[in-house]
Every structure is written in C-alpha cells, then in structure tokens.
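Trainee: Could you pick out one part of this model and go through it closely, then show me how it sits within the rest? I would like one connected account.

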Amino acid sequence: MKETGHLIHKYLRSSKRFPHIWCPGCGIGIFVGALIRAIDELGYSKDDIVLVSGIGCSGRLPVYVDFNTLHTTHGRALTFATGIKLANPRLKVITVMGDGDAIAIGGNHLIHAARRNVEIATFILNNHIYGMTGGQCSPTTPSGLRTNSSPYGNLEPPFDICRLMEAAGAVFVGRSTVYHTRLLEQLIAKALQKKGFAITEVIFQCVTYSGRLLGLDSPVEMMKWQKENAIPVGKVGELEKGELEGKIVIGVMVDREAPTYHEEYERIVRERVKI
Amino acid sequence: MRKVTQKQVLLQGNEACVKGALMAGCRFFAGYPITPATEIMEIMAWELPKAGGVFIQMEDEIASLGAVIGASLAGAKSMAATSGPGFSLMQEHIGFACMAEVPCVIVDVMRAGPSTGLPTQPSQGDVMQSRWGTHGDHPIIVLAPSSVYEFLELTVQAFNLSERYRSPVIVLVDEVVAHMREGVVIPAKRDIAVEERPQPTVPPEWYIPYGDPGTGVPPMPPFGAGYRYHVTGLHHDVRGYPTTRKDEVEPLIRRLFSKISKDLDRLQWFDSFYTEDAVITVIAYGCVSRAALRAVKEARKKGLKVGLIKLKVIWPFMRRTITKVLENSQKVLVPEMNIGQLSREVKRVNQGRCEVVTLNKVDGTLITPQELLQKLEEINP
C-alpha cells in the first residue's frame with residue numbers, strides 16, 4: 001500500500017481549529033481520506049478545485065480541506081455548484097451532500113442537476129438518518145425502523161438513490177460503502193474524471209444514531225454489516241428474486257456519454273448567436 | 001421631463017433593466033418564469049450569450065439565487081429577477097448572500113399579494129419583505145425606480161452598490177414601472193460609472209477572507225484565483241471558519257451592518273419637487289410618485305403649498321433626509337399601494353414632529369392623481 005500520510009499536511013487546513021465536528025466512529029473521515037487520495041493521484045491543483053456542501057454532518061466537510069470551499073444552504077449545494085461551473089468551466093467542481101440534504105430537501109435540485117448534465121462530481125453521503133439534528137428518519141431510512149421522528153416505525157419506503165439518478169439522466173452512477181475503501185477510491189477517481197454530472201452514493205455509518213436504532217452498537221459492527229450486505233453489481237444477475245432485499249449493490253451502475261451543459265452552451269453560442 | 005432627442009428609444013421597464021444590468025457588467029443570470037418579471041429573463045436569454053455571459057433557467061427561484069451566488073463567487077457579476085411568490089422563495093439565499101457577503105442583484109417586480117395574490121395587478125406590498133424577508137438581523141440595500149429610465153439607472157447602481165459593499169442589493173419595482181414603455185435616452189458607456197468588488201493586494205498566504213481592512217468590506221478574489229478560502233452561511237471568524245465564540249459572532253454582525261450604515265450619507269438618493277415652502281410634503285416611491293407629482297402640480301395651481309419627495313433608496317431608510325422633511329412640514333402624506341408599510345417607518349422617525357397622513361390602496365389599481373389631489377385638499381390646514 002502506498003504511503004499517503006504526508007497528504008494530511010498537504011490537503012488539510014493547518015489554520016483550521018481541530019478537532020473536527022464528527023462523532024467518534026463516524027464514517028465521513030474514511031470518505032475524506034479516499035477523496036484526498038483520489039484528488040492527489042489525479043494531480044489536480046488545489047486552486048482549481050471547488051468543494052461545495054449542503055447542511056448536516058457532511059456539510060461540515062469542506063471547512064477542513066484546503067480547496068476553494070463553500071458551505072451552502074440545506075439541500076441547495078448543487079444550485080451553487082451549477083453557478084460556479086457555468087461562470088468558470090475551468091474549475092473542478094465537487095459537491096458533497098447527505099441523504100436528507102440531497103434526497104429530501106434537495107431532491108428537486110438533484111434530479112434537475114442530473115438531467116441538465118452540468119459537470120459536477122457529486123457525492124451523496126448516505127447514513128440513512130438525520131444525524132446532526134438527532135436521529136430522525138430520512139428518505140433513505142429503511143421501512144419500519146423506529147427513529148426519533150418515527151417512534152412507532154417508519155411508514156415510508158426508502159429511495160434507491162442510484163436508480164433515481166439513473167432515471168434522471170446522470171451519466172455516471174456508482175455506489176460504494178466506506179468499508180470498501182479501494183472501490184470507493186476508484187469510484188471517486190472515475191467520478192472526478194467524468195465529463196458530466198457524476199453521482200456516487202457513499203454508504204457510511206452513523207454510529208450515534210442509525211447504528212443504535214438498527215441495533216448495531218459499534219463502528220466495527222456497522223462496517224461488518226456493510227461488508228456482509230454488499231453485493232457487487234456484476235453479481236446481481238446471479239441472485240434469485242427477493243435475495244436483494246436489504247442488500248447494498250455496489251460498483252458502477254451507469255457510465256454513459258452525453259454532452260455537458262456548458263459544452264452545449266458554448267456550441268449554441270458559436271453556431272447560433274450573432275455577436 | 002427629459003428632453004426628446006434623436007437618440008431616444010422606446011423601452012419597456014423590464015427591457016431597460018436588462019440594458020442597465022449589461023452596462024454594469026452583469027455576466028450571469030439565473031431565472032424562473034414569473035409574471036410580471038419574465039421579460040427580464042427572456043431578454044437576458046437573448047442578450048447574455050452575445051455579451052459573453054451565461055444565462056440559465058433553473059428549476060425554481062431558490063435554485064436561481066443559489067446559482068447566482070455560486071457564479072458571483074466564481075467572479076461573475078450576477079443577477080436574478082422575480083416577483084412576489086418567487087421573491088418569497090429567494091429569501092433563504094438572500095440571507096446567505098448577506099452572511100457570506102456575496103455581491104448579487106435581485107429584481108423584485110411587485111405584484112399584489114399575499115400568496116399567489118392578484119396576478120398580475122400592481123402593488124407595493126413587498127416593502128417590508130424586502131427589508132426583513134430573510135431570517136435574522138441583516139443589512140440590506142433596496143432601490144425603488146419610478147420610471148423606465150430610473151429602472152435602467154438604478155439597476156446599474158444596484159450592481160455598483162452590491163460590488164462596493166459585498167451585499168445583495170434588491171431593485172424593488174412595481175408592475176407599472178416594469179411594464180410601462182417610455183422614451184429613454186440610453187446613456188453612453190463612458191457616462192456610466194461601473195464599480196468592481198475590492199480585490200486583495202496581498203499574496204494568498206497573507207489573505208484574511210473576512211477581516212476588516214478598515215472599510216468594513218473585505219477584499220473578495222474569485223474562486224480559482226489562488227486564494228483558497230472558506231465561505232459559509234454559519235457565523236464565522238475572520239478566516240471564514242465556523243465559530244460560536246461571542247467575541248467573534250457579534251463583531252461579524254456589527255461589521256455587516258456598519259459597512260453600509262457608515263456610508264448612509266452616500267445613500268440619500270431622492271428627488272424633491274416644490275419642497276422649499278411646502279406645508280404638506282408627499283413622500284412617495286415607485287409609480288405612486290408619478291401620480292403624486294401630477295397631484296402636487298395641480299394642487300399648486302389651486303394655491304396649496306405642497307411638495308413631493310420621491311425616494312430612490314427605500315432601505316436603508318433615509319432617516320436624515322426624511323427627518324428634515326418632517327421638521328419643515330406641517331403634514332406629511334405617505335401614499336402607498338399597500339396597507340401602510342413605508343409609512344410605518346416614516347411615523348417611527350417622525351416622533352411627533354408633524355402629522356403623518358397615509359393614503360392606502362390595495363384593490364389592485366393605481367392611486368390616481370385625482371385621489372391624491374382630493375386627499376391633499378382634505379388635509380390642507
């Protein structure tokens with residue numbers, strides 16, 4: 001394994017007052033590590049990266065890393081990211097959001113960003129719960145789960161983020177857990193290089209809330225759960241109907257080509273606008 | 001009245017707004033269709049690509065202002081335009097722009113509310129919303145044009161002020177001014193002063209993104225220029241990092257207010273008519289000020305000593321100017337196409353100096369010169 005310890009000093013802000021805000025055992029840190037390693041591997045300049053987030057535990061991510069960073073409003077990170085990318089297409093725009101952030105309050109922005117195909121590498125950090133506000137059910141919480149806003153059990157079925165994004169037109173759709181770190185890093189690298197709207201769902205553990213509510217009491221148990229329930233997308237065909245229930249399909253679901261919004265904009269200006 | 005010359009062109013208010021925006025250097029517009037502001041978006045869709053800018057129609061007004069703020073952070077002068085219901089949706093991001101100090105211009109073409117209201121009869125019902133629509137203590141600048149030319153002129157000024165103070169600036173215009181067509185002499189580019197946001201003069205490693213350089217307005221490089229900094233809607237310290245320390249929280253809010261309030265003398269924008277010897281002074285803005293001028297002229301013919309102050313800046317409230325008016329008049333008449341919004345502010349500043357009379361109309365029609373004249377005769381001492 002490659003030595004990557006020095007990346008801490010290269011990519012984490014020395015001027016930021018640590019410790020960070022996340023609970024012990026939280027999986028966001030694993031994602032941060034994978035993101036930094038992928039960015040370093042691809043050789044982007046820190047000056048060219050804009051990292052945008054929404055609100056929630058994931059929303060606090062950008063403040064720790066040494067890029068152009070923007071912590072926006074709840075659910076609306078992609079709208080800001082769209083403006084940034086279109087005003088300066090040279091910038092590498094990355095967005096991180098949580099599940100409630102991206103799917104509930106930001107659901108409208110998410111599907112339209114996917115349809116529009118503005119080149120934004122988007123990561124939805126899915127812990128199946130509202131963590132920062134104290135364990136309320138989100139649109140990805142399993143049906144029946146008792147949470148602090150569904151004390152008698154969650155009445156709603158969860159969203160499948162990847163299928164939603166595929167239908168909305170995202171040119172790249174992938175999913176990994178933070179247990180599958182190597183896969184996660186590969187998906188991040190692919191998403192960053194993808195021309196167009198690339199979405200990666202990252203399943204991670206919230207030990208404080210979803211872990212306790214699911215009866216998984218430690219980060220180790222939660223990551224074991226990720227390991228045991230993950231099914232590579234290539235193996236889905238081998239399974240009987242019903243065997244996918246409660247499983248996490250991981251890997252690349254969609255990888256297709258489509259012209260990006262700003263490329264089309266430039267083309268139309270070139271071809272049709274009389275200056 | 002402006003003299004008719006060869007160069008005069010017939011323009012709609014919304015059209016004039018776009019011309020002003022482009023002259024001021026607007027290069028990004030994000031919008032969502034809503035009457036009576038839609039023409040601004042439609043004309044921007046035609047004109048911005050020609051000017052090397054970007055136009056995008058977003059999925060709603062929340063997204064529009066989000067994209068505008070993002071584009072502004074990337075260095076483009078940016079703008080959105082809407083009407084009441086869309087203006088309500090934009091409030092969340094107006095607050096963000098105030099807190100993160102991101103320059104942007106928002107045009108609100110007022111139509112009668114609340115809610116979907118009276119699409120699309122004129123109104124001046126958004127005066128208080130433009131001031132306090134977003135949550136929390138925040139400063140704001142709101143300009144109110146009353147003619148097609150002024151819509152152009154004040155849109156330019158809105159960009160200048162938003163860049164100078166790193167603040168959202170709202171152009172609050174009524175449906176009448178937005179849809180009216182008038183002959184306008186478009187000013188030459190060299191006659192328009194255009195301001196840019198302050199830029200850092202230090203290398204990136206010395207740059208303090210939210211420090212006060214003495215002017216109250218920190219320099220703002222665009223994303224991608226080598227100054228990597230953090231922008232957030234949370235309370236933040238001078239580096240832009242979230243904080244809950246009371247010795248950092250309050251100074252931030254105080255600075256946000258003082259960066260604008262220290263310049264209040266520069267923001268007393270108004271026109272006055274026949275005010276020297278006026279016993280009654282009318283204080284009006286937007287299309288109502290047009291009817292008021294006519295009424296004042298008619299009243300003068302009848303021997304009434306009346307005058308008019310037409311406000312171009314609504315917020316921050318021109319306390320200094322209005323106080324003088326209140327001291328020099330026996331009565332002040334504040335006519336508004338709402339239930340009484342700016343008149344509350346006039347009464348607050350008045351503190352018993354003179355009698356403040358209101359004339360309010362909320363039936364979706366204009367206040368006519370006849371109605372104003374009648375009121376002036378009625379209250380004439």
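Mentor: In this predicted model, strand 2 (residues 26-31) of chain B pairs with strand 4 (residues 77-83) of chain B in the parallel sense, over 3 bridges. Within that pairing, B:Phe28 stands opposite B:Ser78 of strand 4 of chain B. Strand 2 of chain B is also joined to strand 3 (residues 54-57) of chain B, by 4 bridges, and these two strands run parallel. B:Phe28 takes part here too, with B:Val54 in strand 3 of chain B as its bridge partner. In a regular strand the side chains alternate between the two faces of the sheet. As for burial, 6 of the 6 residues of strand 2 of chain B are buried, so the strand is largely enclosed by the rest of the structure.

Next, the chain around that strand. The secondary structure of chain B comes to 12 helices and 16 strands. The radius of gyration of chain B is 21 Å, close to the 21 Å that the globule rule gives for 381 residues, so chain B is as compact as a globular protein of that length. Its C-alpha trace spans about 70 × 45 × 40 Å along the principal axes. Of the 381 residues in chain B, 54% are buried. Take the contacts in chain B with a separation of 6 or more: residues 24 or more positions apart account for 76% of them.

Helices pack in this chain as well. Two packed helices are described by the angle between their axes and the distance between the axes. For helix 1 (residues 13-24) of chain B and helix 6 (residues 148-165) of chain B, the angle is about 35° and the axes are 7 Å apart. The crossing of helix 1 of chain B past helix 6 of chain B is right-handed. On the helix 1 side of chain B, the residues that meet helix 6 include B:Gly13, B:Ala16 and B:Cys17; among those they meet in helix 6 of chain B are B:Val148, B:Phe151 and B:Leu152. By kind, the residues of this contact divide into 11 nonpolar, 4 polar and 2 charged.

B:Glu92 belongs to helix 4 (residues 84-100) of chain B. Is B:Glu92 buried or exposed? B:Glu92 counts as buried because it has 20 C-beta neighbours inside 10 Å, and the cut-off for buried is 20 or more. Apart from its neighbours within four places in sequence, B:Glu92 is in contact with A:Thr73, B:Ile62 and B:Thr134. B:Glu92 and B:Gly133 are 41 residues apart in sequence, with their C-alpha atoms 8.6 Å apart in space.

That brings us to where the two chains meet. In total, 36 residues of chain A are in contact with 36 residues of chain B. Strand 2 (68-71), helix 3 (77-87), helix 5 (107-116) and helix 10 (261-272) of chain A each supply at least two residues of the side that touches chain B. Helix 3 of chain A gives the most to that side, with 8 residues. The residues of this side of chain A comprise 15 nonpolar, 13 polar and 8 charged.

Strand pairing also crosses from one chain to the other. Strand 2 of chain A is joined by 3 bridges to strand 10 (residues 230-232) of chain B, and the two run parallel. In strand 10 of chain B, B:Thr232 stands opposite A:His71. These strands belong to an open sheet of 9 strands with mixed pairing, in the order 7(A)-8(A)-5(A)-6(A)-4(A)-3(A)-1(A)-2(A)-10(B). Strand 7 (230-232) of chain A and strand 10 of chain B stand at the edges with a single partner strand each, so one side of each is left without a neighbour in the sheet. From one strand to the next, the twist averages 20°.

Further into this sheet, strand 1 (residues 49-53) of chain A pairs with strand 3 (residues 92-98) of chain A in the parallel sense over 5 bridges, and A:Val50 stands opposite A:Val93 of strand 3 of chain A. Helix 3 of chain A lies across strand 1, strand 2, strand 3 and strand 4 (121-126) of chain A, and runs at about 180° to strand 3 of chain A.

Note on methods: Residues numbered from 1 in each chain as written. Chains lettered and ligands numbered in written order. Predicted model: local features only at pLDDT ≥ 70, side-chain atom pairs only at ≥ 80, totals over all residues. Contact = placed C-beta atoms within 7 Å. Nonpolar A, V, L, I, M, F, W, Y, C, P; charged D, E, K, R; others polar. Pairing = 2+ DSSP bridges. Axes fitted to C-alpha atoms, helices over the stretch in contact; angles between N-to-C directions. Left-handed = near helix turned anticlockwise from the far one by under 90°. Rg over C-alpha atoms; globule rule 2.2 N^0.38 Å. Buried ≥ 20, exposed ≤ 12 C-beta atoms within 10 Å, placed from the backbone.
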